[in-house]
Structure formats: structure tokens, C-alpha cells
Amino acid sequence: MPAEVVMPKLGLTMTEGLIVEWKKKEGDAVAKGEVLFVLETEKVTYDVEAPEDGTLGKVLVQEQQTVPVGAVVAYILRPGENAVDLPGDSGEAAKAEPPAAGAVKAPAAGTTRKPAGKIRLTIIGGGTGGYPAAIRAARLGAKVTLIEKEHLGGVCLNRGCIPTKTLLQSARVIDTMKTSAAFGVKCDGFSIDFAAIMARKAAVSEQLRNGVKGLLGAKKVKVIQGTARLVDARTVQVEETGEKIASDAVLIAAGSKPVVLPIEGIDGPDVLDSNGALSLQAIPKSVVIIGGGVISCEFAQILSTMGTDVTILELMPTIIPEMDKAMSSILHKSLESSGVKILTNAQVKKIEHKKKGNNIVTYAVEGVEWSAKAEKVLATVGRKPALDALNFDALGIACEKGAVVVNEHMETSVPGVYAAGDVVGGIMLAHLATAEAECAARNIMGDVCSMNYRVVPACIYTSPEIASVGLSEEQAKKIADVQVGQFPFKGNGKAMVLGETEGMVKIIAEKKYGEVLGVHIIGPHATDMISEAVLGMMLEMTTEELAHAIHPHPTLAEAIMEAGQTLAGGCIHMP
Ligand SMILES: Cc1cc2nc3c(=O)[nH]c(=O)nc-3n(C[C@H](O)[C@H](O)[C@H](O)COP(=O)(O)OP(=O)(O)OC[C@H]3O[C@@H](n4cnc5c(N)ncnc54)[C@H](O)[C@@H]3O)c2cc1C
């Protein structure tokens, strides 16, 4: 089957789009992610990318034609397919009825059509993808079996989001103790009980894990402790017991595992991944962290606040390279001012293991080799989908660059088999795993749901926190004529009250209509505040609307409003 290219839905109110220009012509080879055509709506001009590799087989809608959202505008031929087999260009496809809000296409091909109460769904993995999907499908009437080989809650609850945030909270308390005199509260000495910090971390995870167990039980989801393996597209086997579970649909939510870099000495006893760092028995004297991504920066702050001498070695020119540059630059300075050493453009060459924690990490910056001593080396350079043991090859489930390939309904190349969360690659975040898995569950149950990746927030829980949604300034400038508004927390009353005036809100909007394309916050409670921007951007908020929405006083969120005002007549609390 050739791949359909459809008129995308860029916002809740968009019903149709004008094709301004085709960037490819029939017969051209196209690569996934390459721009196929430029579309214009009432509000934005947007580059639409190829959904997969292939050859542009047939263009159904010509330049300057307007078609409804969801209409097929072209076909991409997969290897071995022929343009002769494609549906004609009678315009039928292009004149398709606009779908309901939130829907883009007809239900996915493999979606079962049994009555809801009869649908049997088996879910592999009980992480932030798997368990919400189980609850959603059960709410919609499915009989759900969930197989989990380790702990309910997956990485997020047990070895990821929650444990790291619990440790960061302990670090925050230490900081509060250190700075309490500024608030008129003198604290005559305090000590850190690392075992108690780790025990609290474990207790928080356990409580949440038990909560998930209770929720699944309340929805009568059958939870099996074991390792799942696909026998065929409708049968899952539990390896430990041999039990075979027949299903009408399967959802794979098997998560991810750490990437291991091919560096000499990386398998040494003092080299830890994030799991190892979360199991430390004592605070190390010194740590070299390989990689300057989100997880690295969070661990850097946890450890340095507890007294560890921390050095980050980052290969790219900036830490958190995917972030808006203004944000990563402020975080860089902030981490450095709290004592973390950061070396960018630094390529780690080897790790030599020496006794008594005197390990030596050799790295090169612009061709010159240097070394750093460390008791522990933390390698947090990313994660990759966990595909092993699932029998994908035998079933013919398509994978690309080590991740399961899915369509916008989260269905794999094998009808009736769905995948969601880290296992499909791309942005690996807990809330995205949940959104994808719930989307899959709804499609399995006969709803029509498509994933939209335009408005996905991303957060870093350091002090100051960073939260962002939408395009960075650098990305936005590539697709639109943009304006940028900023408001610093030093002009915000609540930030002054908290004694946390570092940071700012940055808003990127396109110039013609003022539609907000990206919001980036670095400062206190940024991760809680970003949701206002998420909702606003889903509703295609403009800077005028943001500037005139009345915000309560005194709140940190006023800084978001004032950043909007800088693009809509000027703000009040900065000259
Ligand atoms: C240190 C760290 C900090 C993080 N912090 C954040 C954060 O603050 N915010 C955020 O959004 N994201 C964060 N993440 C990422 C987040 O944890 C993941 O994106 C999220 O857990 C993905 O959910 P998932 O359900 O796809 O996979 P997982 O949570 O990995 O769950 C997959 C589950 O499947 C099980 N499984 C795998 N194979 C099988 C099998 N064959 N049979 C049975 N069970 C199987 C696994 O045991 C696992 O429990 C962090 C990650 C790490 C490592």
C-alpha cells in the first residue's frame, strides 16, 4: 500500500489548508522529514514533511488549491510499488469530508470492530505508556491483560522521573538550609543523611507503584508478572510460565534502555548509568558526567548540592543542545555558579580504572587531550527503544533506526498490533508515552484518534527549572517571520518574594497574526507554569489573547502574560 500524504490538522479550529507550493514533483525520491509542500492556513504558513521514505508517486492536489483537513493530497510509493496502481486523481480523495475535531483519518486498518465489551487487549509493559492505556481501554469496555516483567510504573516511577525529582527535592531543601539566613531564619548547622534521602526516594516510588496497582485492580485489568513475547499478531506468550494469551489487539509499550557509548573502559566498575546513580550507597567525592543532556544536568545538580565535585563533558557546543539557546545558556551559567564544571565540545576518549576511586577520564577538546579524575563516572548519553525479546523480526513488524514504526494512530505495520511510548523512538518523555498509548487504546476501541506532536512540553527540573513547548527561536525562524518577546523574573513580584529572580519567559510568535509558536521558561516553577502555554498553543493562542488574559497577582505566571504584552503594546513592569 502506498503511504497517504494528508492535509494535516495544525490546530483545533483548522478545517482546510491551501497548498502554496510543492517542493517535490512526481517521481522524486523523498526522505522522511523532507519538506513536501508548503501550506497556508488563515493563521500560519507551514512546511509539511514526508511521513516516510519513498518516491512521490502521485500528486492529487495542485498548487493554489484548498482542501479539507484529512484529505489525501499525494501518495508516496514504497519500494516495489508502482504509480500505475495508485487511485486516480479525480479529486475524490481531496474532496473528502472534513473529519471531526481531533480526528484526521478513518480508523486504522487493523482496528477490531467487535462490540467494546468483547474486545480483548493485551499490553506489553506497565510503564507510563502501558498502564494508562490499560485504564483507558478498560474504561472504554475492553478486557485488558497487562504483562510487566519488572515493576508497574516502568522507568518513570521506579528509575526515572519520580526518583530523580525526589532527589532534586532533597537537594532543594539543602539549598534552602544554606540560604535561609537571607529570609531571616538562621540555621546553626545541618547534616545530610544520604541513606534517609535514598529511603525517601524508594518510599515515594513504592507508594506510587502501589497506587497504580490499585487503579488497575479497580478497572479489573489482569496484571501478569512476567516477560512477554509475541507469538503472532494476536497471541502473546509469557516466557516464565508458557501461558499464551489470545487477543483482538496488542499494544507494545516496552520502553527503552540506556545507550552505551563505545568508549574504552565504559564497562568498568565505577561507570554508572542513571540506574546506577539512583542506587548509590554514598555521596561520591567526585563525578565526571559524560553528556550534558537533561538527565545529566539533573544529576549534576543533585550531586553538587550534596557536596560532590562534578564535571560535565558534553560533545556538542552547548549543554541541552535541543533546547532554545537562551535557556541552555542561562542554565549553563547557573550550574557553573553553583560549582559544576562544564566542558563543551569535549569528546571522551577513554576511562582508566584506578584503585580508591582515582579513575581517569581522558577527553579531547579541539584536538587537545585533557584528563579529569573522578571517583565515579556517570554515562547518561541517551536512551534507545527496548526491542529485544519481543520477536519483531519474525512477525514482520517494521522497525526503523532501532524503533518501532507506527502511523499516526500508533498502529504498527502489522494490523492490530500497536506500539507507544519510548519503544517508538522520537521524543522520549513520560507524558508523551501516556498520550500515545491512550491514543492507541482509543483507536483499538473504535474511536478515531491521531497523534499530534505540535504541542509537546519538555521540562528540566533543575534550579532554575526549564520548561518549553513548541518551536525554539532557531527552529521558528526557519519556517516563519517571527517576533520574540521576553520578560525577566526580576520584574516579577512573586519571584522577588520567593527570592528566585533568576531567569525569564521567552515567547516566539509569528508576525502576521501573532500566533504563539513557542514558549520557553527558565525560572522558579517553570515546569508547573508551562501548562498555560500548552493549552493556549493547542487553542492557537495569539500574543494579544495572552496579553489580555487577566492573571492573578502576585503570581509567577504574570511573567508569561507580561512576555506576551511585550509583543502586544508593551509590558508594564519593565521599561
Ligand atoms: C533518569 C531518568 C529521568 C527521567 N525523567 C523524566 C522526566 O522528568 N519527565 C519525563 O517526561 N520523562 C522522564 N524520563 C523518561 C521517561 O521515564 C520515559 O519516557 C517513560 O518512562 C517512557 O514510558 P514507557 O511506558 O514507554 O516505557 P517504560 O517506562 O520504560 O516502561 C516499559 C515497561 O515495559 C516493561 N517491559 C519491557 N519489555 C517487556 C517484556 N518483554 N515483557 C514484559 N514487560 C516488559 C519494562 O519492564 C518497563 O516497566 C526519564 C528517564 C530517565 C531514565
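1. A word before we start: helices (H or I, at least four residues) and strands (E, at least two) are DSSP runs, numbered from the N terminus. With that naming in hand, α2 turns out to give the most to the shell around the ligand, with four residues. Please keep in mind as you read that this is a predicted model.

2. Let us stay with the ligand. There are 38 residues around the ligand, and those that come nearest are G129, E148, K165, A228 and A430. Sorted by kind, the shell holds 15 nonpolar residues, 16 polar ones and seven charged ones.

3. With V155 the backbone takes part: one of its N or O atoms is 2.9 Å from an oxygen atom of the ligand. As for cover, the ligand taken alone exposes 990 Å², and the protein buries 95% of that. Two or more residues of the shell come from each of these elements: β10 (143–148), α2 (154–159), α3 (161–179) and α9 (430–444).

4. Now to the backbone. Most residues other than glycine have a negative phi, and most peptide bonds are trans. The next points pick out some places to look at with that in mind.

5. What kind of peptide bond joins S463 and P464? The bond is cis, with omega about 0°. You will find P464 in the loop between β29 (458–460) and β30 (465–470).

6. Another cis peptide bond runs from H553 to P554, where omega is near -5°. P554 sits in the loop that lies between α13 (543–548) and α14 (558–565).

7. N345 is not a glycine, yet its phi is positive, near 55°. Its place is the loop between β20 (341–343) and β21 (346–352). Is N345 buried or partly exposed? Partly exposed is the class for N345, because its relative accessible area is 34% and that class lies between under 20% for buried and over 50% for exposed.

8. H525 is worth a visit too: this residue has a positive phi of about 55° although it is not a glycine. Look for H525 in the loop between β33 (516–523) and α12 (526–538). Its relative accessibility is 41%, so H525 counts as partly exposed.

Methods: Residues are numbered from 1 along each chain as its sequence is written. This is a predicted model: local features need pLDDT of at least 70, side-chain atom pairs count only at pLDDT 80 or more; totals for chains, interfaces and linings use all residues. Side-chain values use heavy atoms; hydrogens and water are left out. A residue is near a molecule or strand if one of its heavy atoms lies within 4 Å of it. A polar contact is a pair of N or O atoms within 3.5 Å; within protein, one must be able to donate a hydrogen and the other to accept it, and residues adjacent in sequence count only if both atoms are side-chain atoms. Accessible areas come from the Shrake-Rupley method with a 1.4 Å probe; for residues, only the protein chains shown count as cover. Ala, Val, Leu, Ile, Met, Phe, Trp, Tyr, Cys and Pro count as nonpolar, Asp, Glu, Lys and Arg as charged, and the others, Gly among them, as polar. Buried means under 20% relative accessible area, exposed over 50%, partly exposed in between (1.4 Å probe, protein chains only).
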